[in-house]
Amino acid sequence: MKESVYIETSILGYLTARSTNNKFISANMEITQAWWSDRRNSFTLYTSQAVVNEVAKGDINIASQRLEILRDFQLLEINQAVRDLAMKFLSFSNLPPKANIDAIHIATATVHNLDYLLTWNCKHIANAQIQKKLAQISRNCNYELPILCTPYELLGE
C-alpha cells in the first residue's frame with residue numbers, strides 16, 4: 001500500500017512559479033519539480049479545500065495551472081475534528097494566531113491519519129521546534145502527527 005501525502009499550498013506555488021534569479025527559490029523549484037516528476041507516483045496524494053481556496057488566488061493564469069494540478073486529488077474533509085485540533089494547535093503550541101490556515105493543513109493531515117504533509121512552509125509547518133509541540137498535542141488527542149517535511153526530504157534514495 002502506498003504511503004499518503006498531504007500536498008500543502010506552497011508545493012503548488014513552487015510547481016507553477018515563474019523562473020527567478022533568487023538561488024534559494026530556484027533551488028526549491030528544482031527540488032519540487034524533481035519530486036513531482038520522480039517521486040509523486042510512489043504516494044497517494046491528498047489535499048483539502050483550504051489548499052484549493054489558497055491556490056485559486058492571485059494571477060488567474062497561474063491559479064488555473066495550480067487548480068488543474070489539483071483536479072484529480074482526493075479532497076480531505078475539514079470536519080469538526082479537524083477544526084477542533086487546529087484550535088488546539090493554535091492555543092497550545094507556538095504557532096501564531098495568523099497561522100490559522102497552516103493549523104488547518106496540519107490538523108487535516110493529522111485527523112485523516114496521513115503519513116506525510118509536504119510543504120515549503122518552514123516557518124510554521126516544517127519547523128522542528130513547532131513539530132515537537134504539535135506531536136505532543138496530537139498524542140494527547142489520540143492522533144499521530146504526520147511527518148511534516150519538504151520535498152527534499154522525500155526525494156528517496
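Is Arg71 buried or exposed? In this predicted model, Arg71 has a relative accessibility of 56% and therefore counts as exposed.

Arg71 takes part in a salt bridge with Glu68, with 2.7 Å from N to O. Glu68 is partly exposed, its relative accessible area being 44%. Arg71 also meets the side chain of Asp72 in a salt bridge, here with an N to O distance of 3.7 Å. Asp72 and Arg71 are both exposed. Through shared partners, these salt bridges join Glu68, Arg71 and Asp72 into one network.

Another salt bridge pairs Arg18 with Asp59, whose closest N and O atoms are 3.4 Å apart. Arg18 sits in the loop between helix H1 (9–16) and helix H2 (23–38), while Asp59 sits in the loop between helix H3 (49–55) and helix H4 (60–70), so the contact ties together parts that are 41 residues apart in sequence. Arg18 counts as exposed, at 55% relative accessibility, whereas Asp59 is partly exposed, with a relative accessible area of 35%.

Turning to the cysteines, the structure holds 0 disulfides. For Cys149, the closest cysteine sulfur belongs to Cys122 and lies 9.8 Å away, which is too far for a bond, given that a disulfide calls for sulfur atoms within 2.5 Å. Cys149 is also buried, with a relative accessible area of 2%.

Key. Residues numbered from 1 in each chain as written. Predicted model: local features only at pLDDT ≥ 70, side-chain atom pairs only at ≥ 80, totals over all residues. Heavy atoms only, no water. Buried < 20%, exposed > 50% of the residue type's maximum accessible area, 1.4 Å probe, protein only. Salt bridge = Lys/Arg side-chain N within 4 Å of Asp/Glu carboxyl O. Helix = DSSP H or I, 4+ residues; strand = E, 2+ residues; numbered from the N terminus.
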